Amino acid sequence: RHLIEQSDPEIWAAIQAEHARQEQHIELIASENYASPAVLAAQGTQLTNKYAEGYPGKRYYGGCEHVDVAEQLAIDRVKQLFGADAANVQPHCGASANEAVFLAFLKPGDTILGMSLAEGGHLTHGMALNMSGKWFNAISYGLNADEAIDYEAMEAKARAHRPKLIIAGASAYSLRIDFERFARIAKEVGAIFMVDMAHYAGLIAAGVYPNPVPYADVVTSTTHKSLRGPRGGIILMKAEFEKAINSAIFPGLQGGPLMHVIAAKAVAFKEALQPEFKLYQQQVLRNAQIMAQTLTERGLRIVSGRTESHVMLVDLRAKGITGKEAEAVLGRAHMTINKNAIPNDPEKPMVTSGVRIGTPALTTRGFKDEEARLTANLVADVLDHPRDEARLEAVRAQVHALTTRFPVYG
Ligand code: PLP
């Protein structure tokens, strides 16, 4: 019997049930992935016991010589992975990485310019209920009539409002982002240029999506999405901003770093530096393109017309089903997705007219072209007949056959 089972059967039962769900369901949530067994294992080590406020070689606690090695490896590897001058691997998550950038460069009341949540941005980029929207004067840009980022409107707003900080990056935007263009306008108006690459980080590490590092003053990310590491955050920056960012994380925002998670980040960065990771990300992109094309052939509309990344938004209106209903019925067919507002969505945020689909997780478990096409067809089958119980059962059986053939952890 597993140690956890012996000491805490209730928690063990929840963990086992979640493990079974991850094995048996097709994961289509664009922000999720399956970390490797080595990444999982690193998080369950004695490093969780260690306090290490400060940075390698400059700590406020004794006994840090070994965790220093782990953190320095994480820093060196992530700098190499993205070609960055400097890196901070301590943010507990993507949101705290972004907050640290705000703390480093802004004062309450300052103006920031980010992508609107309703059109694909993240809530930490200025949404009204988030700290970024409450403490700062948040202006937003969005999409043009072709559902691409409206760069002209973004530039006009930057000139009109002179923000202290401009943010590029998104949670639900399928196209490539022109980071160079953002950098030019940031320079013109004297703004700090921050990119939040959380969604695209794995693709960027593998060179299949544009790298913002040469253009941005600071780049934030999560480590658990397409990058396939442990749940956490990072900040990459130009050397001149290293001190300001490091002080913003500690002592500005956080206390002791999570050394077991930092060790797991180091393990994940090493994995991402291997040639196989590039092949993996190429397949992530290919699987997304195959799914977008198949869903289009089945009568669904892909927002922005296509995907150039791991993610797509699907407009469900042609099928007469809401995002909320689609999420529920696909869940019953053992395919996990999230409802997502589409541009100019007529439905409320808790209902929506769209779903977001991503391919990082299914690609990790080994799905290639044929399985990606089949998965898209199964999604379309469910959306075509959401109330047909026999058909749902048939789809669930096909999902089960697929997930059995492609175990995640075995
Ligand atoms: N930034 C972007 C673009 C995201 O999509 C997310 C995750 O949803 C975050 C930041 C926040 O990351 P976390 O959930 O780790 O705080």
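Mentor: In this predicted model, two strands are said to pair if DSSP finds at least two bridges between them. With that criterion, an open sheet of four strands comes out in the order S11-S12-S15-S14, its pairing antiparallel.

Trainee: Why are S11 and S14 placed at the edges of the sheet?

Mentor: Strand S11 (301-302) and strand S14 (338-339) each have a single partner strand, so one side of each is left without a neighbour in the sheet.

Trainee: What makes S14 and S15 a pair?

Mentor: The criterion asks for at least two bridges, and S14 and strand S15 (residues 354-358) are joined in the antiparallel sense over two bridges, so the two strands count as a pair. Within this part of the sheet, lysine 339 stands opposite valine 355 in S15.

Trainee: Which strands does helix H12 touch as it packs on the sheet?

Mentor: Helix H12 (residues 275-297) touches S11, strand S12 (311-315) and S15, and its direction makes about 10° with that of S12.

Trainee: What makes Ala216 stand out in the largest nonpolar core?

Mentor: That core has 123 residues, and Ala216 and Ile235 are those with the most contacts inside it. Helix H11 (residues 259-272) supplies the largest share of this core, ten residues. Leaving aside neighbours within four places in sequence, alanine 216 is in contact with Phe179, Ala183, Phe193, Met194 and Val195, where a contact requires C-beta atoms within 7 Å.

Note on methods
Residues numbered from 1 in each chain as written. Predicted model: local features only at pLDDT ≥ 70, side-chain atom pairs only at ≥ 80, totals over all residues. Core = buried A, V, L, I, M, F, W, Y, C linked by C-beta atoms within 7 Å. Buried ≥ 20, exposed ≤ 12 C-beta atoms within 10 Å, placed from the backbone. Contact = placed C-beta atoms within 7 Å. Axes fitted to C-alpha atoms, helices over the stretch in contact; angles between N-to-C directions.
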